[in-house]
Amino acid sequence: MIRTLQFSNFYSFRDDAEVSFEVGRQPAASQYDLAYADGARGNKVLAVVGANGSGKTQLLKPLAFLSWFVADSFLSSEPKARIPFRPHALSPEVPTCFELTFDLDGEQYRYRLELDQQQVLHESLHLKTSRLFSYLFVREREADGYRVKQKGFGFRNSQARQVRGNVSLLAAAHMHDVPLASAMVEYFRGFSYNLQVTGRAHYDHMRLLNSALFFQDNPALHRRASELLCRLDLGLEDVELEEVEISGSGELDIKEPLYMPMGVHRSADDTFRLPFLDESSGTQSAYVLLHRILPVLEQGGIAVIDELDNDLHPHMLEAFLDLFRFEHSNPHQAQLIFSCHTAEVFNLLAKHQVYLVEKRDLESEAWRLDDMVGLRADDNLYAKYQSGALGAVPEIRA
């Protein structure tokens, strides 16, 4: 479970930024609370709200980037490839920094990463012991290569020093069967996201087919997705999967066979089936979205969803949040952080569960609503946001 994320000089965020799932003692208990290993309270759900172009997506991207970097950079990067991110356009020579604090298997860890687009400058993993964090490994770039020190991490120093500069030491150690590194890679692979380097991965038919293939391989989750789609009043009685042949499928980045979700519709007199390509864009988007959310609810982890409300009626937002809210649908205390434009989110969540994002002088900044002085827990957040009193609304020029 994630506690805090701090980062700087990443896309539109030039200065230090923080995303905290920690709650503290003051807010009243809610069904969106979770318990960390030390008994502290955290949030299952965080919403990110702001105007177009303010930096909402960029506030989510660090989690997607760290997931890829820790879990997959060793196998998916060419030896001399640039690391796929961008620093702020006004600080191209300044290193980008991340610090993620999280719980795993009853322990609290801190992962730190400093890098530019060519190489890692610093990477370290720390374990909390009593009140302090002790390092498990520290990797530092020096003039003649990397210096690595370890304390019980279990990766041979001669191998650790040879890990190339554009990949994570954790990813490399995992390939050498270091148990703690493998546990970390598995944790970071538990991040599910609809983001890529350029922003949100927009819906297309290939994503629909990939989702269908996933559900074909996971029939229990497919049944759950079908039940949810039918309950969301999309005019469906059932969702079935049918093997299909699609012209030009060899150009798609998916394995064969291919499957098409088929919507089953029933009336008093008859029944018919429609391929999802003929269903509404909202139905298709909800199906793809469940591909991202249901595995996290099933296994634990975090879903990082940009524009959760895209193509969906605002009333459906609450139904998706409820999946994380209740213990029967979220037994492993999975977390969700999402961006949206739906102002109704202020009626669904408390002030410590909402981040606002604005861009000023070409730099994004983010703050949690409970950091705003004078904002009470019983204030009408929806009305205040709609009136512009909280900020983070578009400034439309005449």
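Colleague: In which helix do Glu227 and Arg224 lie, and how many residues apart are they?

Modeller: An α-helix has 3.6 residues a turn, so residues three or four places apart point the same way. Glu227 and Arg224 both lie in helix H6, 3 residues apart, which is about one turn of the helix. Helices (H or I, at least four residues) and strands (E, at least two) are DSSP runs, numbered from the N terminus. This is a predicted model, in which local features need pLDDT of at least 70 and side-chain atom pairs count only at pLDDT 80 or more, while totals for chains, interfaces and linings use all residues. Residues are numbered from 1 along each chain as its sequence is written, and side-chain values use heavy atoms, with hydrogens and water left out.

Colleague: What joins the side chains of Glu227 and Arg224?

Modeller: Side chains of opposite charge can pair when their charged atoms come close. A salt bridge is a side-chain nitrogen of Lys or Arg within 4 Å of a carboxyl oxygen of Asp or Glu. Glu227 and Arg224 meet in such a salt bridge, at 3.9 Å from N to O. By this rule the count comes to 19 salt bridges.

Colleague: Are Glu123 and Arg139 buried or exposed?

Modeller: Buried means under 20% relative accessible area, exposed over 50%, and partly exposed in between (1.4 Å probe, protein chains only). Glu123 counts as buried, at 0% relative accessibility, and Arg139 counts as buried at 0% as well. Glu123 forms a salt bridge with Arg139, their closest N and O atoms being 3.0 Å apart. This pair links distant parts of the chain, with Glu123 in strand S8 (residues 120–129) and Arg139 in strand S9 (residues 132–142). By contrast, Glu227 is partly exposed, with a relative accessible area of 48%.

Colleague: At what angle do the axes of helix H7 and helix H8 cross?

Modeller: Axes are lines fitted to C-alpha atoms, for helices over the stretch in contact, and angles run from 0 to 180 degrees between N-to-C directions. The axes of H7 (residues 281–299) and H8 (residues 314–325) cross at roughly 10 degrees and come within 11 Å. That makes H7 roughly parallel to H8, a term for angles under 35 degrees.

Key: Angles under 35 degrees count as roughly parallel, over 145 as roughly antiparallel, 65 to 115 as roughly perpendicular and the rest as oblique.
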